[in-house]
Amino acid sequence: MSSGSHASGMTTIEVRELTKRYGSDTVVDELSFTVEPGHVTGFLGPNGAGKSTTMRMILGLAPPSHGSVRVGGRAYGQLAVPLTEVGALLDAGALHPGRRAEDHLLAIALSNGLARGRVAEVLGMVGLEKVARRRAGTFSLGMRQRLGIAAALLGDPQVLIFDEPVNGLDPEGIRWIRDFMRTLAAEGRSVLCSSHLMSEMALTADHLVVIGRGRLIADTSMSEFTRSNGQGTVLVRAEYCDELARHLTAAGGEVRSGPERSLIVSGLDSTEIGRLASFHGVALVELTPQTPSLEDVFMELTRDSVEYEGAAA
Ligand SMILES: Nc1ncnc2c1ncn2[C@@H]1O[C@H](COP(=O)(O)OP(=O)(O)OP(=O)(O)O)[C@@H](O)[C@H]1O
């Protein structure tokens with residue numbers, strides 16, 4: 001059934017100078033990035049940044065004003081059976097409420113020339129086999145998401161696109177989707193997942209593409225992002241706080257008071273602080289590097305684009 005076109009493993013998504021204009025609004029602006037196989041790539045940006053529009057262009061649902069998208073080296077329109085190349089979960093609400101889960105999947109399978117046996121397989125993969133005969137209208141949001149994912153997997157595609165898949169889910173549902181995406185990537189698939197929450201991506205993504213106002217802000221591995229943005233402050237507690245604060249300031253540190261009589265130090269790392277304290281004979285009670293939350297870093301990164309949006313509204 002599968003076209004076999006991904007035998008080469010070249011199942012990247014290549015976005016090049018992608019641009020979308022609606023009237024005078026440039027919603028996606030010269031965006032270029034690559035989604036690699038074997039990773040979950042987090043597609044991050046504040047609301048309205050252009051994530052959904054970009055995903056719709058990748059899926060051939062909206063024509064670019066300029067630039068191109070290639071999936072496995074080809075434009076979406078050139079894919080013989082698109083569902084076998086790229087699967088997507090865009091809007092879990094887009095389900096016929098009266099239709100049984102398995103009939104919903106069967107209709108998609110048959111209209112795409114896929115084997116009917118695949119329906120039971122994907123229902124099993126997402127853990128919906130026991131409710132296969134229930135009508136989609138009776139499903140919880142988490143179940144509808146699973147059904148949407150089952151549909152995306154029908155053609156066993158090497159590329160998967162999820163638009164805000166955990167929005168509105170309970171912690172158990174969020175965990176399930178997160179683990180599932182990681183499993184799909186571990187199988188060698190390319191997984192692109194959008195979110196407006198950095199904290200969510202930090203637990204899910206290996207790679208990050210951050211956009212604001214339709215423009216690329218960052219394209220980096222998650223570990224590099226954490227490393228380069230993780231230099232925060234150091235929380236210090238000492239028996240003679242004031243004396244230590246003087247020494248730290250003299251050594252070029254910036255010191256402010258923290259909770260419970262602690263000092264929050266920036267400009268010096270914990271090793272330097274420990275050595276200074278030892279040199280001056282001040283006993284330390286606590287020395288704890290503080291990592292800024294990635295959510296803070298993300299908000300700082302995209303602040304300009306959010307402000308612009310607010311100002312323009
Ligand atoms: N069909 C359209 N016509 C006009 N403007 C549109 C259209 N589709 C999207 N937009 C505008 O494009 C901008 C980006 O929307 P998009 O949905 O891609 O952002 P997003 O990053 O996915 O945000 P969200 O998470 O809020 O959906 C928004 O300002 C939106 O109003």
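pLDDT is the predictor's confidence in each residue, from 0 to 100. A contact means that the C-beta atoms of two residues, placed from the backbone, lie within 7 Å. Residues 309-313 are also below 50, and that stretch has one contact in the model beyond near neighbours in sequence. Where pLDDT is low, the predicted coordinates should not be read in detail.

This is a predicted model, so local features need pLDDT of at least 70 and side-chain atom pairs count only at pLDDT 80 or more, while totals for chains, interfaces and linings use all residues. Residues are numbered from 1 along each chain as its sequence is written.

The chain averages a pLDDT of 88, and 92% of the residues score at least 70. Confidence is lowest in helix α10, residues 294-312, at a mean of 66, and highest in strand β1, residues 13-22, at 97. For the complex, the predictor gives an ipTM of 0.92 and a pTM of 0.80.

Two terms before the sheets. Helices (H or I, at least four residues) and strands (E, at least two) are DSSP runs, numbered from the N terminus. Two strands pair if DSSP finds at least two bridges between them.

Now the six-stranded sheet. In what order do its strands lie? The order is β5-β6-β7-β3-β8-β9, the sheet is open, and the pairing is mixed. Its edge strands, each pairing on one side only, are β5 (86-89) and β9 (215-221). From one strand to the next the twist averages 15°. For angles, axes are lines fitted to C-alpha atoms, for helices over the stretch in contact, and values run from 0 to 180 degrees between N-to-C directions.

Inside this sheet, β6 (residues 159-162) and β7 (residues 190-195) run parallel and are joined by four bridges. Leu-160 stands opposite Val-191 in β7. Helix α4, residues 141-153, packs on the sheet and touches β5 and β6, with its direction at about 165° to that of β5. Helix α7, residues 222-229, packs on the sheet as well, touching β8 (207-212) and β9, and makes about 100° with β9.

On to the four-stranded sheet. This one is open too, with antiparallel pairing in the order β11-β12-β10-β13. Which strands form its edges? They are β11 (254-257) and β13 (284-290), each of which pairs on one side only. The twist here averages 25° from one strand to the next.

Take the pairs in turn. β11 and β12 are joined by four bridges, and Ser-257 stands opposite Leu-263 in β12. The hairpin of these two strands has five residues between them, and there Glu-260 takes a positive phi near 50°. β10 and β12 share three bridges, with Val-265 in β12 as the bridge partner of Val-234. Between β10 (residues 233-238) and β13 there are six bridges, and Val-236 stands opposite Leu-287.

Two helices lie across this sheet. α9 (residues 270-279) lies across β10, β12 and β13, at about 165° to β13.
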